[in-house]
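Please read it with the structure open.

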Amino acid sequence: MKVVFVTPRYGPEVMGGAESAARLLAEHLAAQPGFEVAAYSTCALDHITWENEVPAGTTDMNGVTLTRFAVARRREEEFFRFDGKLRLSPRHVSWEQSQRWLDLNGPDVPDLIEALRDGDADVAVFSPYLFLVTVAGIRAARMPTLLHAAAHDEPALYLPAIGDAFARSDALCYYTAAERRLVQRIYPVAEKPQIVLGIGLGDPTEGGRSGGDLLGLGDRPYLISVGRVDDHKGSAMLDTFFRRYKEHHPGPLALALVGRVHSTIEPHPDIVLTGEVDEPTKWDLLRDAMAAVSPSAMESFSMVVMEAWEQAVPVVVNALCEPTRDHCAHSGGGLWFGSYRQFEVVIDRLSADAELRRRLGASGRAYVQEHYQWPALTARYGRFLTSVVERGRTTPA
Amino acid sequence: MSGGGPDSPAGTAADDLAAAHEYLAKVMAEIDEEVLHRRSTGDLPERVERELDNLFLLYSPMAGRDGSMEEALGAAEAASFIDPVVPVDSSKSGGALVKRTIRRASLWYVGWVAEQISQFAAATSRSLRVLDDRVRAMQTEFDAQRVPAALVLETEWAHGPGAWWVEPVLTSLAGQGGRIVHAAAGDGWLVRNIAQAGLDVYGVEPREGRIDRAEVEGLDLREEPVLDHLRAIAPGGLGALVLTGVVDGMTVAERDAVVRLAAHTLAPSGRVIIHSLSKEGWTSERAPVEADLAAGNPLRPGTWATLLGRVGFDVEVLEGPASLDYLVIGVSDGGGEGVGSTR
């Protein structure tokens, strides 16, 4: 089966979550027998400007035949003014306005669209939903189309032209059931073939060192929060909650914030800021943590939660984050907090109850092993792609 | 997870998962109880708790908040005081002194304006509180009278692979174009049967934990309330709708929605197939416990024929052995699409 992935940017240097996930999926699918995988993308690496930075042409990247097409025009400042205007009431935007928004948002890649129109792939996979290349590509493709929306509850999701992409897709792929609920609240697409796939997890590449030693904590127990240290990610809230917790619960428990720091975190004897760390260090730190905390309310999947569970470490998540809370509820592998009081009690329980930690960690690990290991995930995805191809192009191109 | 966790070699994966869910629910209930207990001790000043909780809500999606009215009011109240004493910190040398001088010189003016804005904001939030109290009182009354969604029925004799109606359903669906949906799908046994006949089928199951392994097996099953799912389908998007164990105990409003949604979601020549216990089956000893708990009672088969006929279906009724249950098969004449706006 010939599969072509279409993303606005492609490559290991691209940090966008949906684009990275699509690339990893393409690479793992390419390693499966019976799949010939190509990727169509742009010469741009910056999603703000869409400036052509890498040469056009076809290369091989980790088993995927990658073809880059030049972007016809940079993104103009007018987009941001127009976007600000439409964001105020996205549900009431006209078709023409939303199409204008898409045109301004870009990337405009006419040669890519032409290649899709003339292509011989059996199925075209698009991700994420937000961009012109996705919407125009789904409209143009003659082969069956699959949309990995990576949808968030954001104004653009409500624009009519975006709805057209959902309606014209032959099938849908979601990161989580929460994403599916969100999309179905907005668009009547429930009957379309679909799968809640998630993202696969690679094998841990541990460095073989003690997490406590790496943090300078010795044998002290610690909570870990991995990811950008950023107010929008809940880091400031976690920092404040933990300080408050320690005022009233003195003891050895520490907190490690692991990731690039974008917030102001005042020094505290029980809080360690590591900055960015390499993969082996991350896995060592996760393995020895008492629990991993995901304080963000805005996650669409959360690889970090999966990575903690891979190490049989229980997780604590923000109760208002539907995807991570769903993960906990479905796996039985983590607790959640929706207030400081709940945070305090959750941490008390986890600190005092080793059996609780063991059970949560074991449940989480079983969940990851069953649903989010690449071999199982690519096998499911392969079966799903086969069924999409068998149905053929069901919506008009 | 008592009796064997996910790493227990003795239990099956499904048993382990069910045990993990039970254990998690127990732990979270204990946590909630402890939260209430600690609140009652007053060890954390209310003001501090509110500040901490406001911080929690600062970067949260509004749509995801439980009790968002209370939180919105709390946020409005917290913001209703306008502080005229502006911060004077500065990274530039002498900047703080300049700012402090400006603040001192303008405080009488800024303070006068700020006081009026604060009074206006406080009056507004008080009004919203009054409104909230009234809405809460109405909601309490409404909740007391609320009819729960119909429970899914499941009995071995009427809702399993050995039931008499399975063969007629498969026969009726033979050659059916378009997507077929079965609800309540359970673990997907009927979906599997229909798929084996070469048809394009998926399932919807409203009960939690029934379909966890389905996607792993390659079945397209969704855990969703049935009516919510039907409301999220495009007009004419289905080839057939098969409902078993779903409509028996429905209320009048729910049944009305089923009829309208069948007309709305089925393509021309699409089929709606409904299995229900009869009134005799409903009151027999062989009926499941849900029969006693449901808000509604089964319709007579002829009533379904009438209701579906009104929205453009040609209806056939098959009665089961001893008249304990029946099957209604309706074929759309194509005039029903879009009947009744359901979204």
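Which residue in strand 7 of chain B does B:Arg271 stand opposite?

1. Basis of the note. This is a predicted model, in which local features need pLDDT of at least 70 and side-chain atom pairs count only at pLDDT 80 or more, while totals for chains, interfaces and linings use all residues. Residues are numbered from 1 along each chain as its sequence is written, and chains are lettered from A and ligands numbered from 1 in the order in which they are written.

2. Domains of chain A. The domain assignment divides chain A into domain 1 (2-200 + 374-391) and domain 2 (211-371); such bounds come from an automatic or database domain assignment. The C-alpha centres of domain 1 and domain 2 of chain A are 32 Å apart. Nine residues from domain 1 of chain A and seven residues from domain 2 of chain A take part in the contact, where two residues are in contact if their C-beta atoms, placed from the backbone, lie within 7 Å. On the side of domain 1 of chain A that touches domain 2 of chain A there are five nonpolar, three polar and one charged residues. For these classes, Ala, Val, Leu, Ile, Met, Phe, Trp, Tyr, Cys and Pro count as nonpolar, Asp, Glu, Lys and Arg as charged, and the others, Gly among them, as polar.

3. Contact between the chains. Chain B places 42 residues in contact with 38 residues of chain A. Helix 1 (13-41) and helix 2 (46-58) of chain B each supply at least two residues of the side that touches chain A, and helix 1 of chain B gives the most, with 13 residues. Helices (H or I, at least four residues) and strands (E, at least two) are DSSP runs, numbered from the N terminus. The side of chain B that touches chain A comprises 22 nonpolar, seven polar and 13 charged residues.

4. Helix 13 (residues 340-352) of chain A and helix 1 of chain B have axes that come within 9 Å and cross at roughly 120°. Axes are lines fitted to C-alpha atoms, for helices over the stretch in contact, and angles run from 0 to 180 degrees between N-to-C directions. Helix 13 of chain A contributes A:Arg341, A:Gln342, A:Val345, A:Val346 and A:Arg349 to the contact, and helix 1 of chain B contributes B:Ile31, B:Glu34, B:Val35, B:Arg38 and B:Arg39. By class, this contact has four nonpolar, one polar and five charged residues.

5. The sheet of chain B. Seven strands of chain B form an open sheet of mixed pairing, in the order 3-2-1-4-5-7-6; two strands pair if DSSP finds at least two bridges between them. Strand 3 (221-222) and strand 6 (313-319) of chain B stand at the edges with a single partner strand each, so one side of each has no neighbour in the sheet. Strand 5 (residues 266-277) and strand 7 (residues 325-332) of chain B run antiparallel and are joined by seven bridges. To answer the opening question, B:Arg271 stands opposite B:Val331. Strand 6 and strand 7 of chain B also pair in the antiparallel sense, over seven bridges, and B:Val317 has B:Val328 as its bridge partner in strand 7 of chain B.

6. Helices across the sheet. Helix 5 (residues 166-173) of chain B lies across strand 1 (180-183), strand 4 (238-244), strand 5, strand 6 and strand 7 of chain B, and runs at about 175° to strand 5. Helix 11 (residues 301-310) of chain B lies across strand 5, strand 6 and strand 7 of chain B, at about 170° to strand 6.

7. Backbone points to check. Most residues other than glycine have a negative phi, and most peptide bonds are trans. B:Ala322 has a positive phi, near 60°, and lies in the loop between strand 6 and strand 7 of chain B. The peptide bond from A:Gly106 to A:Pro107 is cis, with omega near -5°; A:Pro107 is in the loop between helix 3 and helix 4 (110-118) of chain A. A cis peptide bond also joins B:Ala183 and B:Ala184, with omega about -5°.
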